[in-house]
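Open the model in a viewer and keep the selection tool at hand. The stops below go from pockets to salt bridges to aromatic rings.

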Amino acid sequence: MNSEFKIILEKIENTLKTSLPESTNKTWQEDSFGKIDTCINDSHISTLLKPCNQLLNLGGKRWRPLLLVLCAQMTAEVKNKKNDIEKAYSLTPLVEFAHTASLIHDDIEDGADERRGFPCSYITYGTDVAINAASWLYFESTCAIKKINTDEKEKLRLYELFLNELRLLHLGQAMDIKWHKTPDLIPTIDEYTAMVRNKTGTLARLAVKIGILAGGGTEDEIEKAGAIAQDIGVGFQIIDDVKNLTTGNPGKKRGDDIVEGKKSLPVLMHITKNPSDKQLLCKYFAQSKKEGISSTAVEKAIELLTKSEAIEQARKKGNALVQEKTRELSNLFAQKTKYGELILELFVSMLCN
């Protein structure tokens with residue numbers, strides 16, 4: 001890993017740990033809740049903290065907060081506003097906490113067993129605790145805005161950006177739930193792309209918009225960068241779709257998208273090319289959902305998608321989209337910058353080979 005990435009990531013981790021401590025302290029408690037009844041103690045608050053910290057401490061790529069900081073640095077480099085970079089670090093919980101909350105909810109909605117190699121939060125703590133803690137974490141994220149040293153106009157803009165992206169995230173999730181709950185309902189590739197732009201692309205878009213804003217960018221630059229970033233998010237979702245059907249995603253089981261009935265891009269590409277296979281794939285979805293990850297239907301579906309080269313075509317599409325849009329983002333200001341080059345390096349290292 002690039003040594004500069006390590007330095008940035010270490011500062012991000014420190015910010016995240018301060019913003020979501022393992023146990024409550026007076027300063028954090030007042031920032032988060034204001035004045036609360038004296039009978040409320042650490043054991044009550046830990047019901048919120050523990051499920052969120054468990055998943056956060058299991059790691060993750062942290063590429064969204066890293067991208068936020070790199071975008072802020074790139075913008076500040078061009079605008080000559082380098083003194084504002086600490087603001088960017090302070091805002092990283094907005095994207096990483098929202099991402100963490102969405103994963104806890106996603107696992108419940110998908111009925112998943114594992115996340116990052118460990119039992120999902122709802123299995124460890126109970127569904128009621130996990131739902132409540134993750135919902136709280138969305139709101140807790142906004143304490144990052146409250147605490148930064150900036151004017152009220154900029155704070156209002158940050159709240160608007162954050163809340164709008166969260167609404168879009170839930171719209172994307174609603175589309176995905178509708179499709180995977182209905183085995184024989186196959187969306188179009190355009191519908192899939194729109195879903196992913198919101199479900200996955202929205203947090204990439206949020207990270208970039210906050211970064212450009214923190215670095216001193218204009219509204220036009222913020223919106224242009226956000227539009228580019230959402231497609232980077234789409235590219236990485238496609239790459240995750242491919243990994244799920246080949247090597248398996250880290251901490252997940254190969255083919256669990258089939259069990260969950262996910263209409264991923266390889267599935268849609270295969271059906272577009274081989275429409276007569278629609279009912280067969282729907283049969284595999286229904287069988288694997290009933291029988292679980294060990295079902296023979298899982299490998300039969302993967303074999304079908306492999307033979308038609310739909311998986312390989314999706315891999316190429318995901319990689320190409322990430323490469324194209326990353327170049328656009330790194331060249332946002334039509335000039336070569338140190339941090340624009342680091343953005344390129346970050347995403348090249350994450351491509352699916």
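**Stop 1: the largest pocket**

Select His99, Leu103, Arg115, Gln237 and Asp240: of the 43 residues that line the largest pocket, these lie nearest its centre. Keep in mind that this is a predicted model. The space in this pocket comes to about 1100 Å³. Now colour the helices α4, α6 (92-110), α10 (152-180), α11 (189-199), α13 and α14 (256-260), the elements that each contribute two or more residues to the lining of the largest pocket. Which of them gives the most? That is α6, with 7 residues. Colouring the lining of the largest pocket by residue class gives 19 charged, 13 nonpolar and 11 polar residues.

**Stop 2: the second largest pocket**

Next select Asp110, Gly111, Ala112, Val259 and Glu260, which lie nearest the centre of the second largest pocket. Its volume is about 320 Å³, and 16 residues line it. At least two lining residues come from each of α6 and α14; α14 gives the most, with 3 residues. By class, the lining of the second largest pocket has 10 charged, 3 polar and 3 nonpolar residues.

**Stop 3: the salt-bridge network**

Select Asp106, Asp107, Asp110, Arg115, Asp176, Lys199, Glu260 and Lys262, and show side chains: salt bridges link these residues in a network. Two of its members, arginine 115 and aspartate 106, meet in a salt bridge with an N to O distance of 3.9 Å. Are arginine 115 and aspartate 106 buried or exposed? Both are buried.

Move on to aspartate 110 and lysine 262, whose side chains form a salt bridge at 3.3 Å, N to O. Aspartate 110 belongs to helix α6 and lysine 262 to the loop between α14 and α15 (265-273), so that this pair links distant parts of the chain, 152 residues apart. Aspartate 110 and lysine 262 are both buried.

**Stop 4: a bridge between α13 and α18**

Select aspartate 231 and lysine 325, which form a salt bridge with their closest N and O atoms 3.9 Å apart. Aspartate 231 sits in helix α13 and lysine 325 in helix α18 (residues 310-330), so the contact ties together parts 94 residues apart in sequence. Both aspartate 231 and lysine 325 are buried. In the whole structure, 25 salt bridges are found.

**Stop 5: the rings around tryptophan 63**

Turn to the aromatic side chains, which make 6 pairs in the structure. Select tryptophan 63 and phenylalanine 236: the ring centres are 5.4 Å apart and the planes are at 40°, so the pair is tilted. Tryptophan 63 is in helix α4 (residues 63-79) and phenylalanine 236 in helix α13 (residues 219-245), 173 residues apart. Tryptophan 63 counts as buried, at 5% relative accessibility, and phenylalanine 236 is buried at 7%.

Why is its pair with tryptophan 63 called edge-to-face? The planes meet at 75°, with the centres 5.7 Å apart, and the cut-off for edge-to-face is over 60 degrees. Phenylalanine 347 lies in helix α19 (residues 338-348), 284 residues from tryptophan 63. At 1% relative accessibility, phenylalanine 347 counts as buried.

**Stop 6: other ring contacts**

Select Trp28, Phe33 and Trp136, a cluster linked by ring pairs. Then look at lysine 11, whose charged end sits over the ring of tyrosine 89, 4.2 Å from the ring centre. Finish at lysine 263: its charged end sits over the ring of phenylalanine 285, at 5.6 Å from the centre.

Note on methods. Residues numbered from 1 in each chain as written. Predicted model: local features only at pLDDT ≥ 70, side-chain atom pairs only at ≥ 80, totals over all residues. Heavy atoms only, no water. Phe/Tyr/Trp six-rings, centres within 6.5 Å; stacked < 30°, edge-to-face > 60°. Helix = DSSP H or I, 4+ residues; strand = E, 2+ residues; numbered from the N terminus. Buried < 20%, exposed > 50% of the residue type's maximum accessible area, 1.4 Å probe, protein only. Lys NZ or Arg CZ within 6 Å of the ring centre and 35° of its normal. 1 Å grid on protein atoms, 1.4 Å probe; cavity = no way out; pocket = protein on both sides within 12 Å on 5 of 7 lines; lining within 4 Å. Points joined across faces, edges and corners; volume = space filled by probe spheres on them. Nonpolar A, V, L, I, M, F, W, Y, C, P; charged D, E, K, R; others polar. Salt bridge = Lys/Arg side-chain N within 4 Å of Asp/Glu carboxyl O.
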